[in-house]
Amino acid sequence: EDVVKGASKKKTVIENLTRTQIVQYAGASGDFNPLHTDEVFAVKIAGYDTVFAHGMLSMGATGTLVTDAFGNGNLTSYGVRFRSQVFPGDTLTATVTITDVARHHDWTSVTADVETVNQKGEVVVSGTASADLPH
C-alpha cells in the first residue's frame, strides 16, 4: 500500500496489564529489580503505590505496532523515551505517525513518530522509528 506523510496507525498493545505479565517479563528479561516484582519493596521502601512494568516491556509492546505498520524485517531504527510508569491494570494504546517519506528506485524510506498512552491519555512512551519498505 502507498505510504504518505501524516498517515497514522493506532493499536491497543496491552489491555489491562496484570502483575503476572510483569513477573513473566521479569523472567524473560532476567531483570528482577524489586520495583517490578516486590510489592512490599515498591511501596514501603521506594514509595510507589504499587509495582510497575519494566520500560522495555512497554517499548516491546509499542514495537508490535511498529512492526505491524512497517512489516517484518523492514525496520531500520527504533528508539524511545520512557515518559511515565506503567502500572498493573493499565491499558496501552500506541500510535505511529509517518513524518517523512523518501522514494527510491527499489524502496521507500519512511520515518515516523511513535507514541503510547495509557487509559488516562498519559504518554508513557514516545520515540521514533524508520523503515525501508520494498516496492
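Reader: Hi! Let's start with Ser77: how exposed is Ser77, going by relative accessibility?
Author: Hello! In this predicted model, Ser77 has 35% relative accessibility, so it counts as partly exposed.

Reader: Thanks. Which element is Ser77 found in?
Author: Ser77 belongs to strand β2.

Reader: And what does Ser77 touch, leaving out residues up to four places away in sequence?
Author: With those set aside, Ser77 touches Thr128, Ala129 and Ser130.

Reader: How far is Ser77 from Leu133, C-alpha to C-alpha?
Author: Their C-alpha atoms are separated by 13 Å, and the two residues are 56 apart along the chain.

Reader: Ser130 came up just now. Which residue stands opposite Ser130?
Author: That is Thr111, with Ser130 sitting in β5. Strand β4 covers residues 107-117 and strand β5 covers residues 123-134; the two run antiparallel and are joined by 11 bridges.

Reader: Nice. What is the strand order in the whole sheet?
Author: The order is β1-β3-β4-β5-β2, in an open sheet of 5 strands with antiparallel pairing. The edge strands are β1 and β2 (75-82), each of which pairs on one side only. From one strand to the next, the twist averages 20°.

Reader: Where does helix α4 lie?
Author: Helix α4, residues 55-70, lies across β1, β2, β3 (92-103), β4 and β5. Helix α4 runs at about 140° to β1.

Reader: Let me zoom out. In what order do the elements run from the N terminus?
Author: They run β-α-α-α-α-β-β-β-β, which comes to 4 helices and 5 strands in the protein chain.

Reader: What about the loop between α4 and β2, which residue there can you tell me about?
Author: Asn74 has its place in that loop. Leaving out residues up to four places away in sequence, Asn74 touches Ser130, Ala131, Asp132, Leu133 and Pro134.

Reader: Is Asn74 buried or exposed?
Author: Asn74 counts as buried, because its relative accessibility is 17% and the cut-off for buried is under 20%.

Reader: Now Leu92: buried or exposed?
Author: Leu92 is buried, since its relative accessible area is 0%. Its place is in strand β3.

Reader: What is Leu92 in contact with, beyond neighbours within four places in sequence?
Author: Its contacts include Lys11, Thr12, Val13 and Ile14, along with Ser58 and Val86. Also among them are Thr116, Val117, Asn118 and Val124.

Reader: Last topic, the whole chain. What are its spans, and what share of residues is buried?
Author: The C-alpha trace spans about 60 × 30 × 20 Å along its principal axes. Buried residues make up 35% of the 135 residues. The accessible surface is about 7500 Å², and 49% of that belongs to carbon and sulfur atoms.

Reader: How many positive and negative side chains are there?
Author: There are 10 positive and 15 negative side chains, and the centres of the two sets lie 5 Å apart.

Terms used:
Residues numbered from 1 in each chain as written. Predicted model: local features only at pLDDT ≥ 70, side-chain atom pairs only at ≥ 80, totals over all residues. Heavy atoms only, no water. Buried < 20%, exposed > 50% of the residue type's maximum accessible area, 1.4 Å probe, protein only. Areas by Shrake-Rupley, 256 points an atom, 1.4 Å probe, with all protein chains shown as cover. Lys, Arg positive; Asp, Glu negative; His and termini not counted. Charge placed at Lys NZ, Arg CZ, Asp CG, Glu CD. Pairing = 2+ DSSP bridges. Axes fitted to C-alpha atoms, helices over the stretch in contact; angles between N-to-C directions. Contact = heavy atoms within 4.5 Å.
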